[in-house]
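This report turns to the ligand and its surroundings, and then to charged pairs and the protein surface. The structure is shown below.

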Amino acid sequence: MALDLTGRQRAFRDELRAFYAKHVEPGWRERCADFEELGRYLLDWERVLAGAGWSVPTWPAEHGGRDADAVERAIFTEETARFDAPEGLNRLGKRLVAPVLWQYGTPAQREHLERIRSGTEVWCQGFSEPDAGSDLVNIRTRAVRDGDEWVVDGAKIWTSFAQFADWIILLVRTGAADSRADGISVLLVDLRSPGIEISPIQTISGRSEFNEVSFSDVRVPVANLVGDENQGWAIVRSVLQDERGADYCLARYSDIRRILTDVARDVSAAKPASAVHYSRLGTDYARVYAIQVLASDLLERGQRGEAPEGLESLLKLYTTETWRTLGDDQVRVWGSRYFDGGPAERLHDYAESRHYTISAGTSEIQRNLIASRILALPSGRRKGA
Ligand SMILES: Cc1cc2nc3c(=O)[nH]c(=O)nc-3n(C[C@H](O)[C@H](O)[C@H](O)COP(=O)(O)OP(=O)(O)OC[C@H]3O[C@@H](n4cnc5c(N)ncnc54)[C@H](O)[C@@H]3O)c2cc1C
């Protein structure tokens, strides 16, 4: 990306480049034999990032971040993609939990921020349940007040990285069973509490990113309620907005760019060259470039204090559908070699190209939100947050 950088932005870029040049180990993915090992590697990497002041560049300086502006955020993504640097294990803590804590948390709850920044406390997100994914207002995991504690019963599903996490940000029903969005609260729960069971779920890629997390008479101090009782829906909406926002999509852009470069290398080595592959990869490149432009526009609007309702859905849809198309093009280029004898990482990349069209709200839900929030179409019977 060619930009006229200020002195501060150039210093940001040069320091980051020097850090990555020194610390990123080429082939770090292949070196991890399984998902457990990858998890440990990414946890160690969190601490390397924190030690050099790079774990939370987008956080406000008052919480230990670098107050990175829109251009610095784009530089961070660009350099991360160029060096193929790991993202770390605690992306949910750093990107989703932290903004909740500084917006809604009590001073005691904000003490988690330093442990998240330093990579000593990993978080996961307990929102989805078997009958409440797109339609989160259906959650049934219940919290009942008993003196100074909440008693939690229920189960969450698709909880990414729970097996490595120390804490979970948990959606619970505190209102009547039919209270929908008006009876939801948010709790911070220590995963070592008695009554919690974490069961990994094996996925098509052979990895177990997902878990089922069950709660049986789990006691949580009332001080761990975030915001007010039954007022958690506003927090859910802001988390989902962050999860679909520019920083999240720019992090996915790094993955997409790495894959595109990998496919392009294979296509250019093939003899004879295929015009069809050239044409597809040219189109993919245009889409990848557009992600960066859209994300930068969203970041700049955010910096100007604008709240562009619905645009994060547009960016999320475009980013994840681009990755999905690129996944299909990878298979077209490599054919059966793709799944047979290729590096295990490619199978994982293909599976991931599907993942992100589902997580943080499916593509269908994003299309609904674009229809209602940008095009102002009547909402009819559509649901989803
Ligand atoms: C990689 C990945 C990581 C995840 N990590 C987490 C995590 O850490 N924590 C967590 O809580 N959850 C996590 N999830 C779960 C994710 O949020 C849900 O899978 C997602 O919200 C969809 O919910 P669901 O699976 O229940 O599908 P459903 O909501 O049952 O949807 C099934 C299908 O129906 C469609 N559909 C549903 N409602 C509508 C509608 N109103 N209009 C049109 N189509 C509709 C959907 O698009 C989908 O195709 C993760 C999922 C993935 C794939």
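In this predicted model, a polar side-chain atom of T362 lies 2.7 Å from an oxygen atom of the ligand. The protein covers 69% of the 970 Å² of accessible area that the ligand has on its own.

| Residue | Protein atom | Ligand atom | Distance |
|---|---|---|---|
| T362 | polar side-chain atom | oxygen | 2.7 Å |
| S160 | polar side-chain atom | nitrogen | 2.8 Å |
| F127 | polar backbone atom | oxygen | 3.0 Å |

The shell around the ligand comprises 18 residues, of which S128, S134, W158, T362 and E364 are the closest. Helix α13, which spans residues 363-374, gives the most to this shell, contributing three residues. As for the space that the ligand takes, it is the second largest pocket.

Side chains of opposite charge can pair when their charged atoms come close. The count of salt bridges in the model comes to 31, and one of the pairs joins the side chains of E78 and R257, with a nitrogen-to-oxygen distance of 2.5 Å.

Notes:
Residues numbered from 1 in each chain as written. Predicted model: local features only at pLDDT ≥ 70, side-chain atom pairs only at ≥ 80, totals over all residues. Heavy atoms only, no water. Near = heavy atom within 4 Å. Polar contact = N/O pair within 3.5 Å; in protein donor to acceptor, adjacent residues only side chain to side chain. Areas by Shrake-Rupley, 256 points an atom, 1.4 Å probe, with all protein chains shown as cover. 1 Å grid on protein atoms, 1.4 Å probe; cavity = no way out; pocket = protein on both sides within 12 Å on 5 of 7 lines; lining within 4 Å. Sits in = over half its atoms within 2 Å of the grid points. Helix = DSSP H or I, 4+ residues; strand = E, 2+ residues; numbered from the N terminus. Salt bridge = Lys/Arg side-chain N within 4 Å of Asp/Glu carboxyl O.
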